[in-house]
Amino acid sequence: GKLTQLFNHRTVFLAFWFSQGFVAAEVVFVDRSSNMPSSHLLLEEPIRMVSLLEPSKPSFFPAMTKIVGTLGPKSRSVETISNCLKAGMSVARFDFSWHDPEYHQETLENLKVAIKTTKKLCAVMLDTVGAEMQVVNKSEKAISLEANGQVVLTPDAGQEASSEILPINFDGLAKAVKKGDTIFIGQYLFTGSETTSVWLEVSEVKGQDVVCIIKNSATLAGSLFTLHGSQIHIDLPTLTEKDKEVISTWGVKNKIDFLSLSYTRHAEDVRQAREFLSKLGDISQTQIFAKIENVEGLTHFDEILQEADGIILSRGNLGIDLPPEKVFLFQKSALYKCNMAGKPAVLTRVVDSMTDNLRPTRAEATDVANAVLDGSDAILLGAETLRGLYPVETISTVGRICSEAEKVFNQDLYFKKTVKYVGEPMSHLESIASSAVRAAIKVKASIIICFTSSGRAARLIAKYRPTMPVLSVVIPRLKTNQLRWSFSGAFEARQSLIVRGLFPMLADPRHPAESTSATNESILKVALDHGKALGVIKSHDRVVVCQKLGDASVVKIIELED
């Protein structure tokens, strides 16, 4: 465990040298005189109220929490997408519940141009339609519904949508509902207070038709409305034939990074989707995020979490299925389970009012902060960026709120909870990851650099929620299908863009992940230079490096010189 000179960077702290599960050395050299300031606060500590009025310091990374933006009519130009990327969007979501693949392809081409011009990475998420019931309004004329009146839901597609009758795309609704059940209809997923969505109560079932009492006055505008039955089992496949067609054509062509599996109700849904992806070659590595939207998904949450790569908590539909007083409890419980499993958790429906307004409500601003404090990896913006008037401002506002909330996140308590949950003996990788985070916090490192080829090591470090960014240096691996050679790494790099605190960098493919010390040091130099260029590393900063040298995994801390 000797100290080494490293290309003009002095190694100050070499801790935890793991070789085949054995701790061979632990050498600690810490300059106690260096008192590096920390911007990390705790809510438990007294805060001078006047200090809240001071402007926050600008940062290259808008927030550690990631933002998923849904691209649509108001956010599909190159200029708008470029501004969204600069504001902090790291994942672009394409919602196939509406519009055709050609439309989304045009948007995606604009995204590619924006990525090149801004030099900011962005992952692509395909959101399936799934077991979604829809009301079809072919004429696109506005439909007015008056409170206490009656409306009939019918599977007869030949009927014209009107104030008296609404044709739906599902012929099994009459068998699924009973008198007193609640049904919700509108163009998007709603707050419940909008005049563009309507609550219905089932009055009676007549053959295949369902007669409903209208509970609130509303005007439905557009060609397609979502229909959601509260706590009603709908006998529709999670991955429809239309979904499969879109994935196998549009998805394969564009090598999607994430598949958002709408209306996931059982672990088997995820297994079937994974089996389908495994046959599609180029997107067999695509990560599946199970979208929990109803009571069935909630009931089978633990098994779904075990199978999925990540979870999306769709609070729009869940807010209809759950009593209002239970929504927060589900959110906190689900996020805790995701955090302990080390799987990304994404939260939806946070700033609905910003669809039409420049500022969020007080409740929404607090909701975003609580999502961060509860442990969310990413915030998903739907209508706010899809059809909202202020897509860029919404991303920027949410990013600033997340950044402020991260400053008061109790990392110490979270770390202890995670270590306790993992238990002993820890796995080799888990012990490395937790040691790297603990060391980084103790010496107030400005960044953690992690060398990885699969991305797993970097995700494990992020699982322990370090207070500083984690630069995930993804080292490509050469692979072949017997016909041609190709490099892996691009998928792994982009898939870290949804994990809290992870910021990817693709290394030179000429350097293998496991190599000599000299090779790793040359990659480290590139990573440090990259960090300096981004403005996250400066002279005399301490940096924690997590890397693999042969059979040994090393966590070391270096201090940069001038």
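How many salt bridges does the count come to?

Reply: The count comes to 25 salt bridges, each a side-chain nitrogen of Lys or Arg within 4 Å of a carboxyl oxygen of Asp or Glu. This is a predicted model, where local features need pLDDT of at least 70, side-chain atom pairs count only at pLDDT 80 or more, and totals for chains, interfaces and linings use all residues. Residues are numbered from 1 along each chain as its sequence is written, and side-chain values use heavy atoms, leaving out hydrogens and water.

Look closely at one pair. Arg93 and Asp127 form a salt bridge through their side chains, at 2.6 Å from N to O. Arg93 sits in strand β5 (residues 89–95) and Asp127 in strand β6 (residues 123–127), so the bridge ties together parts 34 residues apart in sequence. Strands here are DSSP runs (E, at least two residues), helices likewise (H or I, at least four), numbered from the N terminus.

Now the confidence. pLDDT is the predictor's confidence in each residue, from 0 to 100. The protein has a mean pLDDT of 86, and 86% of its residues reach 70 or more. Over residues 1–38, pLDDT stays under 50. For that stretch the model has 88 contacts beyond four places in sequence, a contact being heavy atoms within 4.5 Å.

Helices meet elsewhere. In α9, Tyr336, Asn339 and Met340 meet Tyr414, Lys417, Thr418 and Tyr421 of α13. By class, that contact has four nonpolar residues, two polar and one charged (nonpolar: Ala, Val, Leu, Ile, Met, Phe, Trp, Tyr, Cys and Pro; charged: Asp, Glu, Lys and Arg; polar: the others, Gly among them).
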